[in-house]
Protein chains: 2
Amino acid sequence: MSVTTPRGFRAAGVAAGLKASGADVALVVNDGPDAGVAGVFTSNRVKAAPVLWTQQVVQGGVVRAVVLNSGGANACTGPAGFQDTHATAEHTAAALTSVSPRLILGAGEVAVCSTGLIGERLPMPKLLPGVRSAIRGLSRDGGPAAAEAIMTTDTRPKTTVARGSGWTVGGMAKGAGMLAPGMATMLCVLTTDAVAGPATLDDALRAATRVTFDRVDSDGCMSTNDTVLLLSSGASGIEPTPAELVAAVTAACHDLAQQLVADAEGATKQIAIDVVGAADEDDAVEVGRTVARNNLVKTALFGNDPNWGRILAAVGTTAAAFQPDGVDVAVNGVWVCRGGAAAEDRSKVDLTGRDVTIRIDLHAGTSAATIWTNDLSHAYVHENSAYSS
Amino acid sequence: MSVTTPRGFRAAGVAAGLKASGADVALVVNDGPDAGVAGVFTSNRVKAAPVLWTQQVVQGGVVRAVVLNSGGANACTGPAGFQDTHATAEHTAAALTSVSPRLILGAGEVAVCSTGLIGERLPMPKLLPGVRSAIRGLSRDGGPAAAEAIMTTDTRPKTTVARGSGWTVGGMAKGAGMLAPGMATMLCVLTTDAVAGPATLDDALRAATRVTFDRVDSDGCMSTNDTVLLLSSGASGIEPTPAELVAAVTAACHDLAQQLVADAEGATKQIAIDVVGAADEDDAVEVGRTVARNNLVKTALFGNDPNWGRILAAVGTTAAAFQPDGVDVAVNGVWVCRGGAAAEDRSKVDLTGRDVTIRIDLHAGTSAATIWTNDLSHAYVHENSAYSS
């Protein structure tokens, strides 16, 4: 149920003192025989140093190790911050090579991911010994420890597995705030023992993230550090079809994405916005995302208020194809709005549970998409007004 | 200091029982000799019935009365809701004509504005008697009473005056939430005794709103009911130059816009985001608006936290021209970020006051714009999760 479930991977998670308490450095090592990699990254133009570094590493097509830290994003840290990332990769490569002579690797085969506060340098005198400690701790069942070490405001670690025929996909993720489009704010490492080259991995990863992580919009805020990596060891000796790989990677991403929404900062509701009857998928995504980002909709749901008028007002700000008097809205199965006006009695809507489904029928076509989001609560405000202090 | 400061206007505000307490029906009458009008309206595609009605009325170029109600938006109410608006205009026209024979007017010269909860029909048996009561109460000093009657979650009425040479512009506005682009969520009536035809009024109003109300973005949520009307009576007999009129109308709109931001729902901070060094004005507005809408920036400021990393992360999601390592950010005058990285000590930033200025220098050109916004507080969440219940 983690990155070490597929054969060919070891992992570890250790406490290096980057955070006040708990583990904060994770390492995932691919023992091969293959070392394939694909990655998707934040579309934020302000990218953290580890994102800039790892994008280059992934282009090389070979990754044998991923070192991750919580306790600092290493974003907006200038050239010195980039040097820190580079030094981390070099240190990891050298230390791994010295203890695992089978693994002869250079810094260019080490991906680096960081998460935490933006704008502060990482404490390298703590991080580098942490990397050495993680190398000593590497094991075939180290996946859960690695998943714990990448947590920030997450209340629980997030791991997954999806099984193929004789091969598996494992994964871990972190992320509880700054969860938004173009990639939820998150780090995610997926592993597979399937045989698959970089191009196949890349196709599978992009197909999966497009309909999973990219459709999580917890708070509309896009991070500087989002990174999703997919590593292949080929240790199963089995080469699935591209479609089989897409299905398994999508299942793993979907499961992790749902865990992110379930654990979003301060949220009391986990909300699925199903947009149907759209002219095309882009319209459906735009409408879903716009409703997901509307603070008045989010606060209403926090207050157990099926305020469909606010939903319609949000839909009205989009460029999607629809007629204002042709939109239906259901909240938890009750069609409170038909044809753009009040329909079933809103008092029939039961919003006492944690799960909420908003269904919006645009009556403009046959396309659909679901966006997952959260409510806006007192606890969100509290957590995010106190985070850096 | 209100819509009745310019000569030629009478107004009233009365309680018709649309709200649980307080005045809720306002009337502004233009006694002429002119009856010029211009209007700007929400760009939301889901428009309330009174917006659809008043857009048509304004196209006619003549408005002799504006009837406004709080206690219900008459939005998403279908054809029946539109009939209610039409009946309100007809009733107002007939009743005004019967008591003021000088004022012979048809329904097509009566603008209607509504504000309150979306999705519910207005109680016409209360509203129409309220209109008659307002007609009986019309007076040359009724402006302040009218400003009170249009309040919803506003904690205080908002009025203004701007003086020309021998002529004035007066105004009133309401709006405390759903304040966002394309028009803050608001109703606003401006009056002037200057001599100015519809085309001149329209030019002046659009020039003014573009740099005032359109640059208020309190919570990123755009209303279905936003309406700004400018009425001219010509009673001063003085025809200002177009530039003089633009200046006075802009001053009035600016003052009212600042009052809206000052009274935004649950806000503890009034925030000016000055974007400078932009390649063009659109870039400056896009950057300012994106930062203004970022919940992580808004919650940080609520917590007195000069978290410039979140500001940079928000800037990075825009398409504006800038280099990530070329952006400077000051919070209340302290340049906490230079060249995309930490600069002056953030502990120097004093955020204890209500007013906050964020200055973002993109170093990409010479254009600038200011967006006004608020923080995201516990009180905002509370007020908006309890509003309709």
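Reply: Happy to; here is a short tour by topic. This is a predicted model, where local features need pLDDT of at least 70, side-chain atom pairs count only at pLDDT 80 or more, and totals for chains, interfaces and linings use all residues. Residues are numbered from 1 along each chain as its sequence is written, chains are lettered from A and ligands numbered from 1 in the order written, and side-chain values use heavy atoms, with hydrogens and water left out.

Me: Which domains does the assignment give for chain A?

Reply: Domain 1 covers 9-262 and domain 2 covers 270-385 of chain A; such bounds come from an automatic or database domain assignment. The C-alpha centres of these two domains of chain A lie 33 Å apart.

Me: How many residues of domain 1 of chain A are in contact with domain 2 of chain A?

Reply: In chain A, 17 residues of domain 1 are in contact with 16 residues of domain 2, contact meaning heavy atoms within 4.5 Å. Between them, the two domains of chain A bury about 1,400 Å², with 41% from carbon and sulfur atoms. Buried area is the accessible area (1.4 Å probe) that two parts lose on being put together, summed over both.

Me: How many salt bridges are found across that domain interface of chain A?

Reply: The rule finds two between domain 1 and domain 2 of chain A, a salt bridge being a side-chain nitrogen of Lys or Arg within 4 Å of a carboxyl oxygen of Asp or Glu. Elsewhere on the salt-bridge list, R215(A) pairs with E281(A), their closest N and O atoms being 2.4 Å apart.

Me: Switching topic: what about chain B against chain A?

Reply: There, 49 residues of chain B are in contact with 49 residues of chain A. The two chains bury about 3,900 Å² between them, 59% of it on carbon and sulfur atoms. Across this interface of chain B and chain A, the rule finds zero salt bridges.

Me: Which element of chain B gives the most to the side touching chain A?

Reply: That is α10(B), with six residues.

Me: Last topic: where is there a cis peptide bond in chain A?

Reply: A cis bond joins G32(A) and P33(A), with omega about 20°. P33(A) sits in the loop between β2 (25-30) and β3 (36-41) of chain A. In chain B, a cis bond joins G32(B) and P33(B), with omega about 20°.

Me: And what is the phi of N332(A)?

Reply: N332(A) has a positive phi of about 45°, although it is not a glycine. N332(A) lies in the loop between β11 (328-331) and β12 (334-338) of chain A. As background, most residues other than glycine have a negative phi, and most peptide bonds are trans.

How values were computed: Helix = DSSP H or I, 4+ residues; strand = E, 2+ residues; numbered from the N terminus.
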